[in-house]
Amino acid sequence: MSEPREPRAPQGQAGAPQGRPDEKAALRLGTRRSKLAMAQSRLVAQAVSQVTGRPVELVEITTYGDTSREHLAQIGGTGVFVTALREALLLGEVDFAVHSLKDLPTGQPDELALAAVPLREDPRDVLVARDGLRFEELPDGARVGTGSPRRMAQLNAYARNHGMTIETVAIRGNVDTRIGYVRSGELDAVVLAAAGLGRLGRIEDVTDFLSVDTVLPAPGQGALAIECAADNADLVAALGELDDPFTRAAVTAERSLLAALEAGCSAPVGALADLLADGQIVKEMRLRGVVGTTDGTTLVQLSTTGPVPETHDQAMALGRELAAEMLAKGAAGLMGERAH
């Protein structure tokens, strides 16, 4: 499927393959066109401009995930927001790209470097409900909108365990569209990511922050990924100044779990790695994972704790180990579930 493209920057601008780029030329940041993607990219652009001393211009790119009206679980989820941005990087049309890390496929192409994973925002899911209701206050039969099989599985399980009756409704659209379903009375509540609302300056719309003990977030939720061409060593190094090592270790473990379960980002998998501190000293990392049927009748939820990973391989191993335990408990039979 052909993707709309911005015109190419003339040769000699930043990122041109030949010769030394003009050190004052603007760096081109590839971003999706959505309001949230633009907000995220502006934050990164500001930070990159500070570390490089160069202006950064945003290049808007439309992705298949933005134009398709199908539910994410049906179009596969994995990579639908990413492919066009990566193509633009490989073609030299942009110098670097910003993704929501939870949208990235778990396999990293050799030609592209994941140059930075900045400090993570709040990874939790949140409820935006009518009349300021918290989740426990929703009326029997409340219609709760989400496009995520992961959220459906955990919300339905939580409701069942607490004697509540809810109906999860598959929805799509941007934040305004989703919250609009509540404002119009079509739905009683919607579930969204705290980080997205925070970056949009809409955190006041939240009526309940859902504890990670209730709903584990998507692997990588709340984190951003900054990607550039692997052979652009100067840019890889400059962008690397924005990297947060603890965030990178956590999301690497979470995504390793996802990959080992052989699940795409539309599968009903939740994962969160967090750091356990003894006083001021961070001693260990705990990784929690969940997979379940979307109706919430079956959940496999496990956790493991180990030393804070000091290398990429150690973080990957933490995820693989927990995935193996989950598969042994029956997780494999739950991976085929999709929201319809």
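Me: At about what angle does helix H4 run to strand E3?
Reply: This is a predicted model, in which local features need pLDDT of at least 70 and side-chain atom pairs count only at pLDDT 80 or more, while totals for chains, interfaces and linings use all residues. Residues are numbered from 1 along each chain as its sequence is written, and side-chain values use heavy atoms, with hydrogens and water left out. Helix H4 (residues 83-90) lies across E1, E3, E4 and E10, where helices are DSSP runs of at least four residues and strands of at least two, numbered from the N terminus. Between axes fitted to C-alpha atoms, for helices over the stretch in contact (heavy atoms within 4.5 Å), and with angles from 0 to 180 degrees between N-to-C directions, H4 runs to E3 at about 165°.

Me: Which strands stand at the edges of the open sheet?
Reply: Five strands form this sheet in the order E2-E1-E3-E10-E4, with mixed pairing, and two strands pair if DSSP finds at least two bridges between them. The edge strands have a single partner each, so one side of each lacks a neighbour in the sheet, and these strands are E2 and E4.

Me: Which residue of E10 is the bridge partner of Ala113?
Reply: Strands E4 and E10 run antiparallel and are joined by four bridges. In one of these pairings Ala113 has as its partner Cys228.

Me: With which side chain does the side chain of Arg134 make a polar contact?
Reply: Arg134 lies in the loop between E5 and E6, and among the residues it touches is Thr207. Its side chain makes a polar contact, at 3.1 Å, with the side chain of Asp208.

How values were computed:
A polar contact is a pair of N or O atoms within 3.5 Å; within protein, one must be able to donate a hydrogen and the other to accept it, and residues adjacent in sequence count only if both atoms are side-chain atoms. Lists of a residue's contacts leave out its neighbours within four places in sequence.
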